[in-house]
Amino acid sequence: MTVHQENGLNNGRTPQKSIPPHMKAVSGSLGGIVEACCLQPIDVIKTRLQLDRSGAYKGIIHCGATVARTEGVRALWKGLTPFSTHLTLKYALRMGSNAVLQSAFKDSQTGKVSNHGRVLSGFGAGVLEALVIVTPFEVVKIRLQQQRGLSPELLKYKGPIHCARTIIREEGLRGLWSGAAPTVMRNGTNQAAMFTAKNAYDVLLWKKHEGDGTVLQPWQSMISGFLAGTAGPLCTGPFDVVKTRLMAQTRDGGDLKYKGMIHAIRTIYAEEGLRALWKGLLPRLMRIPPGQAIMWAVADQITGLYERRYLINAPL
């Protein structure tokens, strides 16, 4: 190794070992559990608003109040089991796969990852989580959330397992992947923006670089996570609405109304107007940025402690 290369390794900002993917996965899964328990009611309200074609709900507060009054407060946590399981697995896969992909884009001399590499790694992680975890779990969650009432004998789906079995029996295994295309577009774009923005905010606001041994305070992680989580919903609103419509429709009444992502976008625009493609945007903004804030507050504590204990004093 030349003197110049040695200096490059010693002077680079992150020449030290990086946090292994399995630790990123663990930190994300624990953050997902906390996030799901805190924010499930907002997700239920978002789903109800997106499926409301008759104008029964006048807004977020009216929707939440109506659900609580007519179906009980517990109804605001409908679908919590698949939602929390889905978030736990999703964040584990997202954080772990993003770490693996980022390692492929690291500069061999400095160990740094460029913004281009962060965007591609985030997009790849989003696509992977959409296909492997998000789509089937959200199909089950949305089918459960769109049911009105709490009386089991009046509900078509009795729970997550029964719902999944019913979908497979009536619609085939592909039924669990209804709306996969818009889900891939939504999650890929979201994660490309989120991972890039989170790193940028950490550096800009707190001078935090991965591997430097600094453990952010939970409130610092929450601010960075909240800001990083705002861009995605604005850009991907139509994909989220179309995803929900495709996942919610069944063959009970005969043919499916929406034939696919493009057909759904055109149909919603023609029948309900352009604004309908951003239905549920406010509850998404109420759920995703706070969700990212909660998740990163937990995840950063775990990865930060790992850095200090195993990386900073470890031999290179």
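View 1. Helix 7 covers residues 180-206; helices here are DSSP runs of H or I of at least four residues, numbered from the N terminus. The model is predicted: local features need pLDDT of at least 70, side-chain atom pairs need pLDDT 80 or more, and totals for chains, interfaces and linings use all residues. Numbering runs from 1 along each chain as its sequence is written, and side-chain values use heavy atoms, without hydrogens or water.

**View 2. Leu204, Leu205, Trp219, Ile223, Phe226 and Leu227 make a nonpolar surface patch of about 550 Å².** Patch residues have over 30% relative accessible area and no salt bridge, with nonpolar side chains joined within 5 Å. Areas are Shrake-Rupley values with a 1.4 Å probe, and only the protein chains shown count as cover. Helix 8 (218-228) and helix 7 each supply at least two residues. Helix 8 gives the most, four.

**View 3. The largest cavity holds about 390 Å³ of space.** In a cavity, on a 1 Å grid over protein atoms alone, a 1.4 Å probe fits but cannot get out; lining residues have an atom within 4 Å of a point. Volume is the space filled by probe spheres on points joined across faces, edges and corners. Of 24 lining residues, Lys24, Asp202, Glu210, Trp296 and Asp300 lie nearest the centre. Helix 11 (281-311) is among the elements giving two or more; its six residues are the largest share.

Technical notes. Expected span 1.5 Å × (residues − 1). Patch = residues over 30% accessible without salt bridge, like charges linked within 9 Å, V, L, I, M, F, W, Y side chains within 5 Å. Salt bridge = Lys/Arg side-chain N within 4 Å of Asp/Glu carboxyl O. 1 Å grid on protein atoms, 1.4 Å probe; cavity = no way out; pocket = protein on both sides within 12 Å on 5 of 7 lines; lining within 4 Å.
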